[in-house]
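Welcome, and thanks for taking a look at this protein with us. Please have the sequence and the model open side by side as you read.

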Amino acid sequence: MSLAPSLIRLLVVAPLFIACGAADVDAPFGDEMDSDQDGIDDATEFELGTDPERSDTDGDGFSDNEEINQGSDPTDGNDRPYLGGWAKDRSCRDGISATGHGVGDIVENFELPDQFGENVSLYDFCGRAVLLVASAEWCGYCREEAPHLTEMYNSYADRGLMIVTLLGETDSGSLPAQENLAGWADQYGQTFPVVADASFGVGARFVEGSSIGLPSVSLLAPGMEVVIADGRPSEQDIEAVLPR
Ligand SMILES: [Ca+2]
Ligand SMILES: [Ca+2]
Ligand SMILES: [Ca+2]
């Protein structure tokens, strides 16, 4: 093992230790020292590129520790944890290349507004199996299906399932506003993203032909590969692609 990393660590930690002042002389030295007391030691903060003396390095209101746990970038003030609490899969989201929307293809990303008024990015969930469910407020079958989706998410979220309800229209046929999305999520207990999909633009990608029958359900494997396009995934289909 090279001496270089430990030398660098010593060089960085030593001045910080001195800067701590007399009040901190009893603080543990080296890897265990956590100057800003945000739960990440100084040496790790150096490796991460975060500020060991500031618990919220990028000033976005979320501590470095929260951001790392939620998969957002602690050095980018524009990248914050979701208000919905869904962790972002940082390890894969930048490495995906879309190929299409048929079975076996890698789907392209989308960013759509959710029930909290934030944009949700599909690729933030790239390490999970994702069920995309195109629905509408006026669609009775969609409303029948909604509670079952909630049950499924509650059963399989821990094993890496994400569900996204793509709500295309309100009862009057207009684009769902945040209150419609929040209303749908509350009514059916859906704690996963419920997003507004204008004119079923995303949902229709998976449909052959010009009309979409609702609900239209598509299943993506981790890595965002289409397993079932506009079909009826069974629980067995979903279990087969869960990452854990
Ligand atoms: Ca720290
Ligand atoms: Ca932050
Ligand atoms: Ca951030």
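What percentage of the 244 residues in the protein do buried residues make up? The share is 33%. Please keep in mind throughout that this is a predicted model.

## Overall layout

The protein has six helices and seven strands. Starting at the N terminus, the order of the elements is α-α-α-β-β-β-α-β-α-β-β-β-α.

Now to the contacts. Among those in the protein with a separation of 6 or more, 57% join residues 24 or more positions apart.

## The nonpolar core

The largest nonpolar core contains 41 residues, and Val-130 and Leu-131 have the most contacts inside it. Two or more residues of this core come from each of strand 3, helix 4, strand 4, helix 5, strand 5, strand 6 (216-221), strand 7 (225-231) and helix 6 (235-241).

Leaving aside residues up to four places away in sequence, Val-130 touches Leu-122, Phe-125, Met-162, Val-164 and Leu-220.

## Helix 4 and its kink

Helix 4 spans residues 140-156, which is 17 residues. From the first C-alpha to the last, helix 4 reaches 25 Å, close to the 24 Å expected at 1.5 Å a residue. Take a look at Ala-146 as well: a kink of about 30° lies there, shortly before the proline Pro-147.

Ala-146 is also buried, as are Cys-142 and Leu-149 in this helix. What lies over the buried residues of helix 4? The cover includes strand 3 (129-135), strand 4 and helix 5.

Helix 5 covers residues 178-188, and its buried residues are Leu-181, Trp-184 and Ala-185. Why do these residues share a side of helix 5? They sit on the same side because they cover an arc of only 95° around the axis.

On the buried side, the covering elements include strand 4 (161-167) and strand 5 (194-196).

Finally, follow the chain past the end of helix 5. There you will meet Gly-189, which has a positive phi, near 65°.

Technical notes: Residues numbered from 1 in each chain as written. Chains lettered and ligands numbered in written order. Predicted model: local features only at pLDDT ≥ 70, side-chain atom pairs only at ≥ 80, totals over all residues. Buried ≥ 20, exposed ≤ 12 C-beta atoms within 10 Å, placed from the backbone. Helix = DSSP H or I, 4+ residues; strand = E, 2+ residues; numbered from the N terminus. Arc of directions from axis to C-beta. Contact = placed C-beta atoms within 7 Å. Expected span 1.5 Å × (residues − 1). Bend = angle between axes of the 7 residues up to and from the residue. Core = buried A, V, L, I, M, F, W, Y, C linked by C-beta atoms within 7 Å.
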